[in-house]
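Trainee: I am new to this structure and would like to go through it in questions. Please show it to me.

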Amino acid sequence: MKYRVVLLFLVGALALSGCTLVAPNSSPVRVKSVPFSLLSPTIPGTNHVRVRFITQPVYIVDAAGDLAPSSRIVPEPPALATVIEQLLLGPTKIEKSAGYTSALPKSLFVISAKVAESTGVGVINFATSLDKLSRKQQLLAIGQLVLTASVVGAKRGLVIRVAGVTQNVLLPNGKHATLVTPGDFRSLLNG
Amino acid sequence: MRQGSLRFRLLMTFGLGALILSALFAALTYVGVHHELVNDLQHTDLHESFENAELVRYTLYTSPPNLDSILNSIETATDSAVLVKTYTELSHSDGASIKDVPADTQDLVTKGEPTAQILNMDGKIMFVVGIPIPAVETQFYEVFPMNSLEKSLSTLLHNLLLGALLTSLIGIAGGLWVAQRAVRPLKRVSMAAGAIAEGNLSTRLQVTRADREVHQLTESFNQMVSQLVERLERDARFASDVSHELRSPLTTLATTASVLQQHRSELSPAGQESLDLLTADLSIFQSLVEDLLEMARSDAGAVPLVIETVPAVELVRQSVRSAARRHGLEEPPVTVTDNVGSPVIAVDRRRFERVIANLIDNAHYYAGGATDVCIDVEGDQLAINVDDAGAGVPVEERDSVFERFFRGRAAHDRGIARGTGLGLALVRDHVRAFGGTIRVLESPEGGARFQILLPYEEEALE
């Protein structure tokens, strides 16, 4: 009898030694109580705001040095400021590993960005200028801004300001203009 | 230590008892602490996830582009991997991967069910929390490693097992101590009983300060032995008195029979036959009374033991010669082996002669006479072997032949009624009194060999 008890104890110890100390769940367990109204369809404290997202293309520089569109999600309706902010974040890790870059400096700070719906012209007001970039980088950076802004309503062109002063920016054809259009930079697109 | 012994059983009981109790204690402690720690950690992680989900909702509402940096901040702060699936895009902290979140969890969260699950991912235990945030069309996932908890539980388990082992060892040590305490008095009783069985009736247990039960046992044992000795002495006195009272009329009867024997020729044949029978039975009766008297005196200690140190060979020769002459028997040869020098033995001379005489008588009446008396050395003892011409003593009777009034198969087979049944019992008592032993073996010629073993010394040369 005593030997059976010892045997039982040893078998139990052996069985326990083979188990993990924290037993996993076989299936997900439903969480009953969720605070902060996280399951609410609208954001608490707002006027029943519900944020919906859509995908928007932003233009970055591919491995060949051409401009290429890349998808980003932004709240609906897409605002120029939000899209430009996504653009300024640069390529994702995966895009970076594929050789994509951005000509826009990360230190670039957007004071304001909006599109006049009546004219279809967008205006972006930066805190610093792009003059320190090389000519090629400047062209690519302005191209990124113009082409990205065009898909959020600035179809007629884009005005770039630095601290409220409208810039006479460089075009791919060597000329300068205060209103730049997507057509001016179409030559920089890949394909 | 044998398995069936009391000490072993006590040891096992204490050891197993300690093991079972400590194992039970360890198991209960472990289960309780395990439950508490796991629940506590899950609760903490879950609450942290809710706060992080709220932060993500706020970020997606106010500045969606900052989501990645927020997720990395969460990962750094909480050491968890965070994933956010917004619309079609998956954002995650640097250390996170969608592979960490099981498909069924993703399905449930996509359907709007907040879930939590403990998972074993390649041997690593993780706590995965999934929270839908419909206000920003997002599913939030956070994966918490539970390795620190596992480490704590592992340490706790090891400590508890070590504690159980130590407790068991202490239990065994306690069992050993108790067993020794419990067995020691029993051993003393056993030794005292053994000494009493060997004839040392003065043996008593020492009454010392001890447990009440042991004290009672000691007193009861001593009382029992005293009563036993008293009864033996009373019986011996009775036998001695009876024998003594019978001696006088027996002597008268023997004398009368002797007178009648002188006038035997004047009797009729039937009278002569009756006289012969009377004389023979009187002789047996006298021997019986003599033996009984000697035994009773010996039991009662009435006759003091007169120990002398005498040359063994000479004493044996004299005893053999004396016994043969007294009973008109042929004297058996006394041989001494070469390895025997000049041994001296400490014996009571009269009783020793009685021993030899009884052995030669026994051989004469039951085994065709003694064929040889050989003096030899057996180990560190002197062996005096009395061989006879009989068929030997069966193995099963070799101890019983020394019992009082025992009649062996040889006596029954031959229908011999000459012996008193006390001769060999007297032999054993006397040999024991000399500090020796006697046993029955088989002689080289096939008869019985009665071997007396006595302590001896070599005679000092002058």
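Trainee: Which residues of α7(B) are buried?

Mentor: This is a predicted model, in which local features need pLDDT of at least 70, side-chain atom pairs count only at pLDDT 80 or more, and totals for chains, interfaces and linings use all residues. Residues are numbered from 1 along each chain as its sequence is written, while chains are lettered from A and ligands numbered from 1 in the order in which they are written. A residue is buried if 20 or more other C-beta atoms lie within 10 Å of its own, exposed if 12 or fewer, and partly exposed in between, with C-beta atoms placed from the backbone. In α7(B), the buried ones are B:A312, B:V313, B:V316, B:S319, B:V320 and B:A323.

Trainee: Which exposed residues does the face turned away from the buried side of α7(B) carry?

Mentor: The buried side has a cover that includes β6, β7 (334–336), β8, α8 (349–366), β9 (370–378) and β10 (381–388) of chain B. Helices (H or I, at least four residues) and strands (E, at least two) are DSSP runs, numbered from the N terminus. The face turned away from that side carries the exposed residues B:E314, B:R325 and B:R326.

Trainee: How far apart are the end C-alpha atoms of α7(B)?

Mentor: The expected span of a helix is 1.5 Å times one less than its number of residues. Helix α7(B) has 16 residues (312–327), so it should span 22 Å. Its end C-alpha atoms agree with this, being 23 Å apart.

Trainee: Which residue just after α7(B) takes a positive phi?

Mentor: Helix α7(B) covers residues 312–327. Just after it, a phi of about 65° is taken by B:G328.

Trainee: In β8(B), which residue stands opposite B:T309?

Mentor: Two strands pair if DSSP finds at least two bridges between them. Strands β6 (residues 307–311) and β8 (residues 343–348) of chain B pair in the antiparallel sense over 5 bridges. Opposite B:T309 stands B:A346.

Trainee: What is the bridge partner of B:P343 in β13(B)?

Mentor: Strand β8(B) is also joined by 2 bridges to β13 (residues 457–458) of chain B, and the two run antiparallel. There, the partner of B:P343 is B:E458.

Trainee: How many residues of α10(B) are buried?

Mentor: The buried residues are B:G423, B:L424, B:L426, B:V427, B:R428, B:D429, B:H430 and B:V431. Helix α10(B) spans residues 423–433 and is largely enclosed by the rest of the structure, because its buried residues, out of 11, number 8.

Trainee: Is B:F405 buried or exposed?

Mentor: B:F405 lies in the loop between β10 and α9 (409–414) of chain B. Its phi is positive, about 60°, although it is not a glycine. With 9 C-beta neighbours inside 10 Å, B:F405 counts as exposed.

Trainee: And is A:H48 buried or exposed?

Mentor: A:H48 is not a glycine either, yet has a positive phi of about 55°. This residue lies in the loop between β1 and β2 (52–61) of chain A. With 10 other C-beta atoms within 10 Å, A:H48 is exposed.

Trainee: Which residue does a cis peptide bond join to A:E76?

Mentor: The residue lies in the loop between β3 (67–76) and α2 (80–88) of chain A. The omega of the bond is about -10°, and the residue joined to A:E76 is A:P77.

Trainee: Which element gives the largest share of the side of chain B that touches chain A?

Mentor: Two residues are in contact if their C-beta atoms, placed from the backbone, lie within 7 Å. In these terms, 43 residues of chain B are in contact with 34 residues of chain A. The elements giving two or more residues to that side of chain B are α1 (6–62), α3 (103–110), β3 (115–121), β4 (124–133) and α4 (147–197). The largest share, 12 residues, comes from α1(B).

Trainee: In β3(B), what is the bridge partner of A:R30?

Mentor: Strand β1 (residues 29–30) of chain A and β3(B) run antiparallel, joined by 2 bridges. The partner of A:R30 is B:T115.
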